[in-house]
Amino acid sequence: MSLKSIVRELREMKDGIGNVSRRGTERKHWSNRTRSHIVPDVALSDPIEQGQWANLPPELLLDIIRRVEESEASWPARSALLFCASVCKSWREITKEIVKTPEECGRLTFPISLKQPGPRESPIQCFIKRDRANSVYRLYFGMTPSEDERDKLLLSAKKIRRATSTDFVISYVADDFSRASNMYAGKLRSNFLGTKFSIHDSQPPSDAAIQQPGRLSRRFHAKQVSPRVPVCNYRVATISYELNVLRTRGPRRMHSAMHSIPLSSIQEGGSAPTPKSFPQSFDEKSFSGPLAIAKESAMDISSSGISRSAVMATSQELLVLKNKAPRWHEQLQCWCLNFKGRVTVASVKNFQLVAAVDPSHNIPVAEQEKVILQFGKIGKDIFTMDYRYPLSAFQAFAISLSSFDTKPACE
């Protein structure tokens, strides 16, 4: 049997399982999501009929999934790997073993890939669409929007204004922004002036992080939250914009301190925290069932509440990113940066981030000048976002969202 025939039968098998386990409105709701979003990293309920595929010899199964992984390098064809992981437990374990992290293979496959560092060499190219009417921002995979608008959605965020701050609630799907949902990925919170931001992740930055009791949100008690949903917010980064009230300093200046990433990660032989799986909420079998929880309930844990996770346990210096200084173009009479064709419209929001390194750290100049994240405008409400190691898609998206908030004192 050819590889294409195997993949086609896997698709049919997945559809069959979905038809049995999901009925009515719920079936329609989730089938629509799986076509347009990365499927959550969870196993389906135990298949009613596993058939002959569940009993394949491990060596043959390993060879099949490896061939699928090598042949389906881009979306939507790469969804075949998700179908493989949905057949049964043995298929799922082997698929997870074969599929590498974005740092190793440069590809996004499972949702956990969005919390893992990007590739070291070439950046992962994405774009953001802004929905002004609903204050929603959606991150898609790809260089630019496609004509048929069937782009792969990675993350979405909704802007929520409060009395003294602004929140960007980040979700794995397009239309569920409740912090009580297991689709909750994290949030970005700003101060009143929009000059300082904090990035909160729904899970520890690495599997080795030791969770310590943190401070509870004053609105709710932890017992109100179901154990099936993310109940914690780990502060993994802070972003600050320099004040420019008199507008004499040129474009915006920003710094981003990555609390979960050590400076040594960009040194030779260094590594960044890489979570391998989601917390218990994504391992529960009753993934799609109703959740009896208190709305907007969560635990807020500061960077110190991660118990100096495995990375920061040795008091290593944090990685700090700064925006690359633009140059003044005399003929155009404006500030310019080389985005290598990825940004085409002038905007105060455009930026490139590089590592802020002290000369005493002996980091090569080429590494210091490497653009880790770049963001810029290409059309009305359309922006590109390219990121690379040691940032993850989630961290890069959150930093980019900070550029959308109003900053009258910084520009």
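The structure is a predicted model, in which local features need pLDDT of at least 70 and side-chain atom pairs count only at pLDDT 80 or more, while totals for chains, interfaces and linings use all residues. Residues are numbered from 1 along each chain as its sequence is written, and side-chain values use heavy atoms, with hydrogens and water left out.

**The chain as a whole**

The chain contains 8 helices and 16 strands. Helices (H or I, at least four residues) and strands (E, at least two) are DSSP runs, numbered from the N terminus. Of the 411 residues in the chain, 52% are buried. Here, buried means under 20% relative accessible area, exposed means over 50%, and partly exposed lies in between (1.4 Å probe, protein chains only). Among contacts in the chain between residues at least 6 apart in sequence, 67% join residues at least 24 apart; a contact means heavy atoms within 4.5 Å. The chain exposes about 20,100 Å², and carbon and sulfur atoms supply 50% of this area. Accessible areas come from the Shrake-Rupley method with a 1.4 Å probe, and for residues only the protein chains shown count as cover.

**Salt bridges**

A salt bridge is a side-chain nitrogen of Lys or Arg within 4 Å of a carboxyl oxygen of Asp or Glu. By this rule the count comes to 13 salt bridges. Three of them are listed below.

| Glu69 | Arg78 | 2.9 Å |

Asp386 counts as buried at 5% relative accessibility, and Arg342 is buried with a relative accessible area of 8%. Salt bridges that share partners also join Glu69, Arg78 and Arg107 into one network. In the remaining pair of the table, Asp167 is buried, with a relative accessible area of 2%, whereas Arg162 is partly exposed at 37%.

All of helix α8 is covered in the sense used here: 10 of its 10 residues are buried. Among them are Phe394, Gln395 and Phe397. Gln395 lies in this helix, which spans residues 393-402, and has a relative accessible area of 9%. Leaving aside its neighbours within four places in sequence, Gln395 is in contact with Ile199, Met258, Ser260, Ile261 and Pro390.

A search of the whole structure finds 2 cavities of 30 Å³ or more, and about 100 Å³ of space lies in the largest cavity. Of the 14 residues that line the largest cavity, the closest to its centre are Lys115, Pro205, Pro273, Ser392 and Gln395. Two or more lining residues come from each of β9 and α8. On a 1 Å grid over the protein atoms alone, a cavity is a set of points where a 1.4 Å probe fits but cannot get out, and a pocket is an open set with protein on both sides within 12 Å along at least five of seven lines; lining residues have an atom within 4 Å of a point. Grid points are joined across faces, edges and corners, and a volume is the space filled by probe spheres set on the points.

**The second largest pocket**

The second largest pocket holds about 480 Å³ of space. Its lining has 24 residues, of which Trp335, Phe339, Ser347, Val348 and Asn350 lie nearest its centre. The largest share of this lining, 3 residues, comes from β13.

A cis peptide bond joins Trp75 and Pro76, with omega about 5 degrees, and Pro76 lies in the loop between α3 (58-71) and α4 (79-85). Another cis peptide bond joins Tyr389 and Pro390, again with omega about 5 degrees. Pro390 is placed in the loop between β16 and α8, and this residue is one of the contacts of Gln395.

Ser135 has a positive phi of about 55 degrees although it is not a glycine. Ser135 is found in the loop between β1 (124-131) and β2 (136-141) and is partly exposed at 26% relative accessibility. Asp381, also not a glycine, has a positive phi near 65 degrees; this residue counts as buried at 12% relative accessibility.
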